[in-house]
Amino acid sequence: MDFLVDAEYHGRMLRDFLFRQLSLSRALATELKKRGGIRVNGEERTVRYALSEGDTVSLAIEDTEIDIDPSLCAWDTP
């Protein structure tokens with residue numbers, strides 16, 4: 001998933017963008033960081049990276065069975 005940084009986040013840290021703009025949980029951000037799944041303009045960055053207007057923030061997020069809440073699955077009911 002790619003996100004374009006607008007003027008509001010110019011000069012602010014990547015963590016502000018992740019938590020405020022994208023409403024990313026700290027747990028997910030930590031997991032992405034461990035896997036190298038947070039990139040800015042194609043380069044792996046830490047959450048302390050200062051953003052510039054026009055930067056592209058990329059998150060490597062994949063759906064897994066762990067992410068699926070069983071209560072949300074459709075069931076064949078009579």
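Start at asparagine 41: at 45% relative accessibility, this residue counts as partly exposed, because partly exposed runs between the buried cut-off, under 20%, and the exposed one, over 50%. Keep in mind that the model is predicted. Asparagine 41 sits in the loop joining strand 2 (38-40) to strand 3 (43-44). Check its backbone: phi of asparagine 41 is near 55°, positive although the residue is not glycine.

Step back into strand 2. Select isoleucine 38 and look across to strand 4, where leucine 59 is its bridge partner. Strand 2 and strand 4 pair antiparallel, over 3 bridges.

Pick phenylalanine 3; opposite it in strand 4 is valine 57.

Next, helix 1 (14-21). Which residues of helix 1 are buried? Select Leu14, Asp16, Phe17 and Leu18. Residues three or four places apart on an α-helix point the same way, because each turn takes 3.6 residues.

Follow helix 1 onward to serine 23, with its positive phi near 55°. Serine 23 is not a glycine either. Its place is the loop between helix 1 and helix 2 (26-34). Is serine 23 buried or exposed? Serine 23 counts as exposed, because its relative accessibility is 59%.

Asparagine 41 is partly exposed, while serine 23 is exposed.

Methods: Residues are numbered from 1 along each chain as its sequence is written. This is a predicted model: local features need pLDDT of at least 70, side-chain atom pairs count only at pLDDT 80 or more; totals for chains, interfaces and linings use all residues. Side-chain values use heavy atoms; hydrogens and water are left out. Helices (H or I, at least four residues) and strands (E, at least two) are DSSP runs, numbered from the N terminus. Buried means under 20% relative accessible area, exposed over 50%, partly exposed in between (1.4 Å probe, protein chains only). Two strands pair if DSSP finds at least two bridges between them.
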